[in-house]
Amino acid sequence: MKSNAEMRKVRHWLCNAAMSSEKTVEGIFAEMDEAQAGGMILRLIDQDMNPFLPHIGAEDVRAFEDAVARCYGVAGPEFVRRLMDIDDGDLRARHRAALLDLYAGGDSRLERAAASYAQLIVAGEIMGIDTTVVSDAWRAWLDGVVEANVMDDHVGLARRIVDLIDAEMNAGIIRIGSAQDDDYGNSDEVDDEVTERGYSSRTRLGWYDEERVYLASGTLDKMLRGFDKGAFCDWAVENGAMIRPQSDRRTGWIPKLTPRRQAYWFDENGLRSVTG
């Protein structure tokens, strides 16, 4: 088609000449001063016969001719013609069959990924190309995804929490001191509006002590926005990454903190364990 997407008049051509040279076709055209049309070199068959010398057997010639016949005209207009000859319902059925052959599980994200591979398989079948490499690539990708748990939302969220802890430790997430700890000043004598010296408790992402990390409720709510917070908390508790202060609550009071604040309690070792 033209640059403005209008169709050009279809032209047919046949190869009516063959040449032999010590130089490649691409090398010959590269030495010319004239401009070449885009993709022109790709449309010329250039076969290096050196591996077959000094004598080229008849079986090699037939193999070369078969390769030319098999690959000629399988792209561009010819592919469109073949595609248009297929009934739409049949094409959908072929794609669905290829999809189910790749993945028949219940994860919608993996199914969408498999659908793209299935499109390649169907296109290859229409073009007469062996699509084994597509299936092999899918299997390799799927094995890597399953092994790394990258499709597990809970593991992914846990990794985000670990990253936050690593990035904000002793910055947005600070250590809770005891009443006798002059460095942190968290005794009951501290003003109600100030948790740490010079910092409002309401600006903190979280706190930590010798036992666990406490993430402020608002911090975790922002990280879990768009996800099922209840399901994640239940998963984290079951896997030893989160501590439930009471059987009916997900948050608990942060010890030694004035004024009192509620937060989610994380076992840092357990959290890092579930993220691998």
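**A friendly note on this predicted model**

1. Helices α7 and α9 are roughly perpendicular to each other, a label used for angles of 65 to 115 degrees (under 35 is roughly parallel, over 145 roughly antiparallel, and the rest oblique). The axes of α7 (residues 153-168) and α9 (residues 229-238) come within 10 Å and cross at roughly 80°. Axes here are lines fitted to C-alpha atoms, for helices over the stretch in contact, with angles from 0 to 180 degrees between N-to-C directions. From α7, the residues making the contact are H154, V155, L157, A158 and I161, and from α9 they are A231, F232 and W235; contact means heavy atoms within 4.5 Å. Seven of these residues are nonpolar, one is polar and none is charged (nonpolar covers Ala, Val, Leu, Ile, Met, Phe, Trp, Tyr, Cys and Pro; charged covers Asp, Glu, Lys and Arg; the others, Gly among them, are polar).

2. A word on how to read the model. It is predicted, and local features need pLDDT of at least 70, side-chain atom pairs count only at pLDDT 80 or more, while totals for chains, interfaces and linings use all residues. Residues are numbered from 1 along each chain as its sequence is written, and side-chain values use heavy atoms, with hydrogens and water left out.

3. Now to confidence, or pLDDT, which the predictor gives each residue from 0 to 100. The chain's mean is 77, and 79% of its residues reach 70 or more. Over residues 178-200 the pLDDT is below 50, although this stretch has 44 contacts in the model beyond near neighbours in sequence. Where pLDDT is low, the predicted coordinates should not be read in detail.

4. For the overall picture, the chain has 10 helices and six strands (DSSP runs numbered from the N terminus: helices are H or I of at least four residues, strands E of at least two). Of its 276 residues, 28% are buried.

5. T219, in helix α8 (residues 217-223), counts as buried because its relative accessibility is 10%; buried means under 20% relative accessible area, exposed over 50%, and partly exposed in between (1.4 Å probe, protein chains only). Leaving aside residues up to four places away in sequence, T219 touches L164, R204 and L205. N170 sits in the loop between α7 and β1 (173-175) and counts as exposed, at 52% relative accessibility. The phi of N170 is near 65°, a positive value in a residue other than glycine.
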